[in-house]
Amino acid sequence: MTLREKVESRLAGEFVPGERVLSALVAFRVGGVRKTMIGGAAGIAGLAGAAGMALAARRGQAEAPQVAIPTPGRFVFALTSHQVALFTVGGIVRAAPGKPVRSWTLDQLAWVSEPELNSGVAQALRGQIGVTGEGVLGYEFARLQVDDGRSLIKRLARALKELDTAS
């Protein structure tokens with residue numbers, strides 16, 4: 001069973017009609033890939049400029065405060081057709097969604113930054129999402145999930161653009 005299917009099973013009964021899971025990946029808080037790989041320091045950096053380099057920004061959305069939204073060191077990042085949901089990482093042998101951490105409907109998202117690839121031993125795809133009235137969600141996808149991470153973020157950016165054209 002894929003992680004996407006596990007998230008779908010975990011959210012069964014909570015979906016709005018027509019909602020489906022588009023993608024699910026294990027993510028790290030900003031700096032978490034490096035910390036896991038080589039014991040470096042974790043942290044949130046560059047919040048101020050992230051909205052300016054947005055891959056997608058919603059028109060008429062209130063600003064996202066420039067404060068980091070706290071996340072576990074590792075978490076399941078799920079994108080559905082209606083929301084972004086975060087879970088703790090459960091599972092003994094393979095990752096599975098554990099307890100719900102946070103979720104936001106797509107209309108609560110103000111912008112999505114263009115993800116950056118950090119190279120080196122702890123290669124990671126790093127990005128940020130502005131949440132209206134709440135703050136900035138920072139995330140990283142580790143080396144083996146860079147392509148899938150780019151795909152997930154492009155889907156999210158497309159969904160935000162579609163919300164603007166629909167309204």
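Me: Starting with arginine 102, what is its relative accessible area?
Reply: Arginine 102 has a relative accessible area of 29%, so it is partly exposed. This is a predicted model.

Me: Which residue does the side chain of arginine 102 meet in a salt bridge?
Reply: Its partner is glutamate 134, with 1.9 Å from N to O. Arginine 102 sits in strand β5 (residues 96–105) and glutamate 134 in the loop between β8 and β9, so the pair ties together parts 32 residues apart in sequence.

Me: And what is the relative accessible area of glutamate 134?
Reply: For glutamate 134 the value is 28%, which makes this residue partly exposed.

Me: OK, how many salt bridges are there?
Reply: The count is three salt bridges.

Me: What does arginine 126 pair with?
Reply: Arginine 126 forms a salt bridge with glutamate 140, and their closest N and O atoms are 2.5 Å apart. This pair links distant parts of the chain, since arginine 126 is in strand β8 and glutamate 140 is in strand β9, 14 residues apart.

Me: Is glutamate 140 buried or exposed?
Reply: Glutamate 140 counts as buried because its relative accessibility is 2%, under the 20% cut-off. Arginine 126, on the other hand, is partly exposed, at 29%.

Me: What about arginine 4, what is its partner?
Reply: Arginine 4 forms a salt bridge with glutamate 8, with 3.3 Å between the closest N and O atoms.

Me: Where do arginine 4 and glutamate 8 lie?
Reply: Both are in helix α1 (residues 3–11), four residues apart, which is about one turn of the helix. Arginine 4 is partly exposed at 29%, and glutamate 8 is partly exposed too, at 28%.

Me: Switching to the inside. How many residues has the largest nonpolar core?
Reply: That core has 25 residues, and Phe77, Val84, Leu109 and Leu156 have the most contacts inside it. At least two residues each come from β1 (21–28), β3 (74–80), β4 (83–90), β6 (109–113), β8 (124–131), β9 (135–142) and α4.

Me: Which element gives the most to this core?
Reply: Helix α4 does, with six residues.

Me: Where is arginine 150 found?
Reply: Arginine 150 is in helix α4 (residues 146–166), the helix that also gives the most to the core.

Me: And what is the relative accessibility of arginine 150?
Reply: The value is 31%, so arginine 150 counts as partly exposed.

Conventions. Residues are numbered from 1 along each chain as its sequence is written. This is a predicted model: local features need pLDDT of at least 70, side-chain atom pairs count only at pLDDT 80 or more; totals for chains, interfaces and linings use all residues. Side-chain values use heavy atoms; hydrogens and water are left out. Buried means under 20% relative accessible area, exposed over 50%, partly exposed in between (1.4 Å probe, protein chains only). A nonpolar core is a set of buried Ala, Val, Leu, Ile, Met, Phe, Trp, Tyr and Cys residues joined through side-chain atoms within 4.5 Å. A salt bridge is a side-chain nitrogen of Lys or Arg within 4 Å of a carboxyl oxygen of Asp or Glu.
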